[in-house]
Amino acid sequence: MVKLSPFSLAQKIRQLHQTGEQGVRTLVVRVAALKKHRENRMTVESQQDVDGILETGRIVARIRDQMLQAIEPGMTTAELDELGAALLDKYEARSAPRVTYGFPGATCISVNEEAAHGIPGARVIQTGDIVNVDVSAEKGGYFADTGGTMVVPPGSPMKTRLCHATQQALEHAMVAATAGAPINRIGKAIQRTAKAHGFKVIRNLAGHGIGRSLHEEPEDIVGFFDRHDSRRLGLGQVIAIEPLLSTRSTFVTEGEDGWTLIGHPLNRSAQYEHTIIVTRGAPIVATRSEARA
């Protein structure tokens, strides 16, 4: 879940255009926006830690999948969020954005031009809409974060390709996320996949560390190759990778509600997200659909 910095995103974007490429990473809309989280970084130290991340990961994955399956024309985003809230209660988990930031919904639901942090409300889902559901939760002191996107039938070839490309970008990024590897390999994999499919990357949204809180170090796991980023991943580190590919916009701005992040009115974007534990080989993916586990 992306949180705006204390000064407005519009100011950030103006500064970004003034500072150029080198200023991108310091001016992105950071997923780890609250300063109190910036020194935190979870590395699993015991089987209890692994089990805790995996349990919360299974919960948010189930809720994500059930919410996506429940989407149909005519329902409101508030009704969809009510399902998410009920499932969180069923699994005795807490909505992470609500307890961490006071977000107005249990989950984030973004439609069409909305790229992220859509507040559930009276918006009616229509045929052809592209809908993103982002679910993050805490249980037993462990946090996990996930998201998925679907096109409400009938879709279009472009929207189908967008969703497929974003899923591929996530898979390629996870392959790049090995212990000792540069963090910027993740963004490189996402950017390469987006370009291969003819899409753009939203550059001021990023992945993040997670585990004992919703947003931890490392901040700014951006979806493009940042040659100035020399950080490396650690063994057992817990991170959330979330590529956001789009048809038109490379930056998003904050809506009037103070939460929703919006692209060009004609822009369409997709987001898929997994929480992973970094290993020396393939990561442990905490938020896979149970059918794929």
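Residues are numbered from 1 along each chain as its sequence is written, and side-chain values use heavy atoms, with hydrogens and water left out. Because the model is predicted, local features need pLDDT of at least 70 and side-chain atom pairs count only at pLDDT 80 or more, while totals for chains, interfaces and linings use all residues.

Student: In what order do the five strands of the open sheet run?

Tutor: Strands here are DSSP runs of E with at least two residues, and helices are runs of H or I with at least four, numbered from the N terminus. Two strands pair if DSSP finds at least two bridges between them. In this sheet the pairing is antiparallel, and the order is E8-E7-E9-E14-E15.

Student: Why is one side of E8 and of E15 left without a neighbour in the sheet?

Tutor: Look at where strand E8 (216–222) and strand E15 (284–285) stand: at the edges. One side of each is left without a neighbour because each has a single partner strand.

Student: Which residue is the bridge partner of Val238 in E14?

Tutor: Four bridges join E9 to E14, and the two run antiparallel. On the E14 side, Val238 has as its bridge partner Ile277.

Student: And which residue in E15 does Ile277 stand opposite?

Tutor: E14 and E15 are antiparallel too, joined by two bridges. A hairpin of six residues links them. Across from Ile277 stands Ile284.

Student: Are the residues of E14 that point either way buried or exposed?

Tutor: Buried means under 20% relative accessible area, exposed over 50%, and partly exposed in between (1.4 Å probe, protein chains only). In strand E14 (residues 274–277), His274 and Ile276 point one way, Thr275 and Ile277 the other, and all are buried.

Student: How far does helix H6 reach from its first C-alpha to its last?

Tutor: H6 covers residues 157–176, which is 20 residues. The expected span is 1.5 Å times one less than the number of residues. That expectation is 28 Å, and H6 comes close to it by reaching 28 Å.

Student: Which strands are at the edges of the three-strand sheet?

Tutor: That open sheet is antiparallel, in the order E6-E10-E13. Pairing on one side only are strand E6 (200–201) and strand E13 (269–271).
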